Amino acid sequence: MSPSPALRISRVSKHFETGKGRVTAVDDVSLDIMQGEFISIIGPSGCGKSTLMNMVGGLLTEYDGDILLDGKKVSGCQPEIGMVFQEESTFPWRTALENVAFPLEAAGLTRDKRIARARDLLDLVGLSGFENHYPAELSGGMRQRIAIARTLAFEPRILLMDEPFAALDEQTRLLLGDKVVQIQNKLRQTTLLITHNISEAVQLSDRVLIMTFRPGRIKRVIEIDLPRPRSSEMMGSEAFGRYVAEIWQDLREEASKGLHDAEAAARQG
Amino acid sequence: MPVWLIRPPPLLSRLLVFAVLLGVWEAASAAGMVSRFIAPPPSEIFPAIGLLYVDNELTARFLRTFGEVFAAAGIGSGLGMAIGWWLHHNRTAGAAYTDWIAASAAAPLVLLFPLFLVLFGRNAATIVAMGAVSVMPPVILKTKEGLDHVRSVLIDVGRTFSLTRWQQVRMILFPAALPTIFTGLRLGLVFALINVVGVEFLIGFGGMGLMIAELGDRFEIAGMYAAILFVVLCSATFFYLTEKLETWLLSAR
């Protein structure tokens, strides 16, 4: 008997009512995520990736279908599912240490316990020595690492990351990819990542889901059979390049549709 | 010519302008261009500050006025923040009443003093109530503005950690809105000082405002200007200190 999934997304659809009528953002998406698995969702802008993420995270509660965590329906935000956002989300009035300790403080942990745990997590994301720095004193990449550490502080069963490195430059993004690989190796954290970046998806994932452009459906699932741990140095390998090319082949058609749609919308003013 | 004189630093520049204005005033008075009865020269006004201590119980009046100012600021700020929160929370009320409050912030509320006299009588309650009313509009507006502009991603972070409503307010909304709310509190404090002194002057009751009125009535014009100057200096010091406090509190952002 195969093990039951940590997270099951079953025939999930989401529609929005707009001034121009009903828009289907996500259409009949199903997916099982096993414990410890790292899955990336890749698709053109506007394909409903973030909508799907918000439904799984409990920020959007009205949808068709079922999202089940350990067999129980997700009906709102819950501590078992942690989210890292695309936007800068650290609290500017708190130091790095206080940011990471934030969820533990809200949960009522004693100061000593939460500080010790926050220090461990800052060390895990490579920010030891920056405990007393405020976000304004740190780079964008460091701030995103604080956000990741803060989300991990709650020890979520599922970690959702919505394009966490989108606002960063390519070099920082590559180095942070390596850092996420290290964290993944250490924690075996079940993770669902949304990204636009094919290399990032291949480097980090066990499986990559390609979504269609509007309405968002799963077009194809590609298993990444590359040895772990995978550092950014692996990106030069032939096998890595083949995966990137394979994903781009499927994604290109969808990205073109998205581009044409955006151009048509711009022409209509 | 030294560089500091060609391009003086801001503080020196301010002091130079102040000194030049005083010099022009002194010269105009000495030349008879300005009546000493209407505007005595600075050389008479500054020594009169010392006399205020001796003859007019400056310290006691100062403490009385500033006690009223802080009472008005406390009451007005508390009510203002509560109403600002309500207008943020209740979108319909926010859309309906924000313009009214913005209009009232620009209105000379001090002219309502006869109404407050009828309600509270000629006592400190009228002064504090009028001060509190003047504090409220900027505090309400800035509280609402601060809360309205908290980035939604910060609220989403709180939701993903399953924060209670009260934790959302205490740990995210209020700290995120604090810089804007603080601007409202600073403005409110200055409005409180202006209105408290103004109402004291109008109803002839209380501390510094009453002292200015009494000096005017006794035709001690230099003393009256000295008292006005003292209030202005207090107000400027007040503003400077709250500015420093704000910078210190928010320095890390």
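How much area do chain B and chain A bury between them, and what percentage of it is on carbon and sulfur atoms? Chain B and chain A bury about 1900 Å² between them, 70% of it on carbon and sulfur atoms. Buried area here is the accessible area (1.4 Å probe) that two parts lose on being put together, summed over both.

This is a predicted model: local features need pLDDT of at least 70, side-chain atom pairs count only at pLDDT 80 or more, and totals for chains, interfaces and linings use all residues. Residues are numbered from 1 along each chain as its sequence is written, chains are lettered from A and ligands numbered from 1 in the order in which they are written, and side-chain values use heavy atoms, leaving out hydrogens and water.

**Between the chains**

On the chain B side, 17 residues are in contact with 25 residues of chain A. Contact means heavy atoms within 4.5 Å. Three residue pairs are in polar contact between chain B and chain A, both residues at pLDDT 80 or more. A polar contact is a pair of N or O atoms within 3.5 Å; within protein, one must be able to donate a hydrogen and the other to accept it, and residues adjacent in sequence count only if both atoms are side-chain atoms. Helix 8 (152-160) and helix 9 (165-203) of chain B each supply at least two residues of the side that touches chain A. Helix 8 of chain B gives the largest share of that side, six residues. Helices (H or I, at least four residues) and strands (E, at least two) are DSSP runs, numbered from the N terminus.

**Inside chain A**

Chain A is divided into domain 1 (7-80 + 159-268) and domain 2 (89-155). These bounds come from an automatic or database domain assignment. Domain 1 of chain A puts 13 residues into the contact, and domain 2 of chain A puts in 11 residues. The two domains of chain A bury about 1000 Å² between them, with 81% from carbon and sulfur atoms.

**Single residues**

Buried means under 20% relative accessible area, exposed over 50%, partly exposed in between (1.4 Å probe, protein chains only).

| Residue | Relative accessibility | Class |
|---|---|---|
| Thr126(B) | 0% | buried |
| Cys77(A) | 21% | partly exposed |
| Cys234(B) | 14% | buried |

Thr126(B) sits in helix 7 (residues 124-148) of chain B. Leaving aside residues up to four places away in sequence, Thr126(B) touches Phe116(B), Leu117(B), Phe120(B), Gly121(B), Val199(B) and Ile203(B).
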